[in-house]
Amino acid sequence: MKRLIPLSAFFLISISSYLKAEEFYFPTGYGMEEITEQSTIALPEIWSYDDCVRWAISNNIDVRQTMLSVLQADQNIGMAKDAYLPYVGFSTNQSFTNFPTVEEGQKHNSYNSSYNINASWTIWEGNARKYRLESNKLLKQQQQLYGDDVVKNLQLGILQAYLNILYAAEAVDIAQKSLEVSSAQATRTKRLMEMGRTSKVDYAQIESQKAQDEYNLVQARSSYATAKATLKNFLNLDLDYNLQIEEVNFSDSLVNKPLPSKTQVFETAMEWLPQFKSNELNKNIYEYNLKLAKSTYYPSISLNGGLGTGYNSGGFFNWSNQMKYGFNENIGLSLSVPIYDGNATRRAVNIAKLQALEYDLNKTQLKNELSQTIETLFIESDNARAKYISGLTQLEATTLSAELVDRQFELGLVNPLELLTAHNNLLNARLELLQSKYMAILSSKTIDYYATMRISIP
């Protein structure tokens, strides 16, 4: 049995978008507990395409992992903001000193202690904190784009799996009808053999075709089960779950639906594909990285202050008096001027400049890949549509031919080989038409997706 051939070009480019309110999107506004918890969405009895996508977004492991990455990016932003805060710390030192040889009247040992509260705050450091914070904000946006990319890849994968199930279900019907025809032919041939109007050899050939059709039906059902298993894998459903999807009837008008222009599809896709958006973010990230590298050329200014006191057992006052009169306050301003750092800053600046050059190269490469993908999609679509149109004519001709040969066989005008040939030609014509139909639908849906950021069935 023939299967729906995957259109590999549909998956050459990962897909993402800033979605409209009514569309599926990467989840936001969640916490760590929500990521690890199981989804509370109820399992539908009959799954529509939208049900599949909604469930997959709530349960897919890749989506949840990307959600974690966004939360980690949030923490990086928080750390960059915290760099503006001062540092405050407490320190104490407790020491005991022994003097084996001492002068008369001196003690052999002494106990010393100190207590300090220190604070420091960086006033300026070449704006490094600002550049690091802005860069981390852009990195979070990239992580969210990666999340949209995962969701969109799920939509495309589920689209193909969903259409494969519909295709396989119709292929089972075709195989079932073909078996019914061959069974009727076998019964009729047996009656003709008993009447002496045909030979046992002819009857054996017809029975052989019946056996082949029985096997074709088994194979079609196996393909149907495999298609279901593929979709269940996208949905993370249990092996024993009985997945049932909605029946969808695609009209000829949908198969031959006019397509937008290649230029329109290309320009629209270039506006929302995550690679382009991410590359634009990279451009700004590279600029901040360059500024961050250059910031170490500049001096840094810090404000320092502290409170301290201490005790020495060899002093003239007791512990409380020493702690009281030894209490002190200090404040100071520190200036650090870089003079030579072994070319570390220079190398960092050069590396940042080289990274900035990647923007134009990546943009050109992305445009070339998108252009090739759009071109391939339209070629696949044109081929599928042309094959479907010719398949309609071929099916009509093979149907008439099969009916004529079947009637001639009853009259003894043709041999079993001609009957079987007509039977197989009709079966192949039905399967080829079915395959071209779903290939055309899949290509049309995917092209529309590039042009509108939306997938709908039917």
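Which element gives the most to the nonpolar patch? I looked this up and found that β2 does, with three residues. Before going further I note that this is a predicted model, in which local features need pLDDT of at least 70 and side-chain atom pairs count only at pLDDT 80 or more, while totals for chains, interfaces and linings use all residues. Residues are numbered from 1 along each chain as its sequence is written, and side-chain values use heavy atoms, with hydrogens and water left out.

**Patch.** I listed W121, I123, W124, Y297, Y298, L303, I331 and L333 as the nonpolar patch on the surface, and together they have about 830 Å² of accessible area (Shrake-Rupley method, 1.4 Å probe, with only the protein chains shown counting as cover for residues). Such a patch takes residues with over 30% relative accessible area and no salt bridge, nonpolar side chains (Val, Leu, Ile, Met, Phe, Trp, Tyr) being joined within 5 Å and like charges within 9 Å; a salt bridge is a side-chain nitrogen of Lys or Arg within 4 Å of a carboxyl oxygen of Asp or Glu. I saw that β2 and β4 (328-336) each supply at least two residues, strands being DSSP runs of E of at least two residues and helices runs of H or I of at least four, numbered from the N terminus. I123 sits in strand β2 and is partly exposed, at 35% relative accessible area (buried is under 20%, exposed over 50%, partly exposed in between, with a 1.4 Å probe and protein chains only).

**Positive phi.** I found that N127, although not a glycine, has a positive phi of about 65°; it lies in the loop between β2 (109-124) and α4 (128-194) and is partly exposed, at 29% relative accessibility. M453, not a glycine, has a positive phi of about 65°; it lies in the segment after α11 (416-452) and counts as buried because its relative accessibility is 16%.
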